[in-house]
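Thanks for coming. I will go through one model today, starting with a term and then moving from the whole chain to single residues.

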Amino acid sequence: MNIALIAHDRKKDDIVRFAIAYKKILSKHSLYATGTTGLKIIEATGLSVHRFQSGPLGGDQEIGSRIAKNKMDLVIFLRDPLAAQPHEPDVSALIRLCDVYSVPLATNMGTAEVLIKGLQRGDLSWREVIRENSGEKS
C-alpha cells in the first residue's frame, strides 16, 4: 500500500510519535510525505520515506496528483484545526480528492489509529483491487 503522511507544524511531533508507535506496520508499505514531515519521520524512525515538497510549496498538490492517479491508498493528514493555513485551498483540494477517489483519510490521531490497525488486519485490501482495475499496480 502507498501511504501519505502529512502534518501541519503544530502536529509534526504527533505524527512522529505515530510513526514510532506503528513503525512495524508502516515499514511494510511505501511511505510518502511532505518535506519537513518526511524528514522528521526519517530521522526519528529510520523508515524509508519518499519526500515531496513542503506542503505550502506544493507537496500537498504532489500527493493530490498521486491520489487522482490512484497511486495513493491511505492518507494520514494530522491537521491543525486551530491555525489558519496559507495553503488552505490546497488542503481542501487534497481532502476533496480523497473523497472523490475513495481514499481513506485520517485528519486526527483517533482516526489514524483506527486506519492503521485496519491496514494491519487487511481491511484496506480493497484498495489493491481499485488500483488494479484502474491499470495502476503501485
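Buried here means under 20% relative accessible area, exposed means over 50%, and partly exposed is in between, with a 1.4 Å probe and protein chains only. This is a predicted model, so local features need pLDDT of at least 70 and side-chain atom pairs count only at pLDDT 80 or more, while totals for chains, interfaces and linings use all residues. Residues are numbered from 1 along each chain as its sequence is written, and side-chain values use heavy atoms, with hydrogens and water left out.

First, the chain as a whole. It has 7 helices and 5 strands; helices are DSSP runs of H or I of at least four residues, strands are runs of E of at least two, and both are numbered from the N terminus. In sequence order the pattern reads β-α-α-β-α-β-α-β-α-β-α-α. The radius of gyration is 14 Å, close to the 14 Å that the globule rule gives for 138 residues, so the chain is as compact as a globular protein of that length. That radius is taken over C-alpha atoms, and the rule is 2.2 Å times the number of residues to the power 0.38. Of the 138 residues, 46% are buried.

Next, the cores. A nonpolar core is a set of buried Ala, Val, Leu, Ile, Met, Phe, Trp, Tyr and Cys residues joined through side-chain atoms within 4.5 Å. The largest has 25 residues, and Leu5, Ile41, Ile76 and Leu119 touch the most other members. At least two residues of this core come from each of β1 (2-7), α1 (12-21), α2 (23-26), β2 (30-33), β4 and α6 (109-121). There is also a second, separate core of 14 residues, with Ile6, Ile67, Phe77 and Leu94 among them. Contact means heavy atoms within 4.5 Å. Leaving out neighbours within four places in sequence, leucine 5 has contacts that include Ile15, Leu31, Ile41 and Ile76.

Now the charged pairs. A salt bridge is a side-chain nitrogen of Lys or Arg within 4 Å of a carboxyl oxygen of Asp or Glu, and by this rule the count is 5. One of them joins the side chains of arginine 10 and aspartate 80 at 2.8 Å, N to O. Arginine 10 sits in the loop between β1 and α1 and aspartate 80 in the loop between β4 and α5, so the pair ties together parts that are 70 residues apart in sequence.

Another salt bridge links arginine 127 and aspartate 73 at 3.3 Å, N to O. Arginine 127 is in helix α7 (residues 126-133) and aspartate 73 is in the loop between α4 and β4, so this pair ties together parts 54 residues apart in sequence. Both arginine 127 and aspartate 73 are buried.

The loop between α4 and β4 (74-78) also holds asparagine 70. Asparagine 70 is not a glycine, yet its phi is positive, near 55 degrees. Asparagine 70 is buried, at 10% relative accessible area.

Last, arginine 66, in helix α4 (residues 59-68). Arginine 66 is buried, at 18%. Its side chain makes a polar contact of 3.4 Å with that of tyrosine 32. Such a contact is a pair of N or O atoms within 3.5 Å; within protein, one must be able to donate a hydrogen and the other to accept it, and residues adjacent in sequence count only if both atoms are side-chain atoms.
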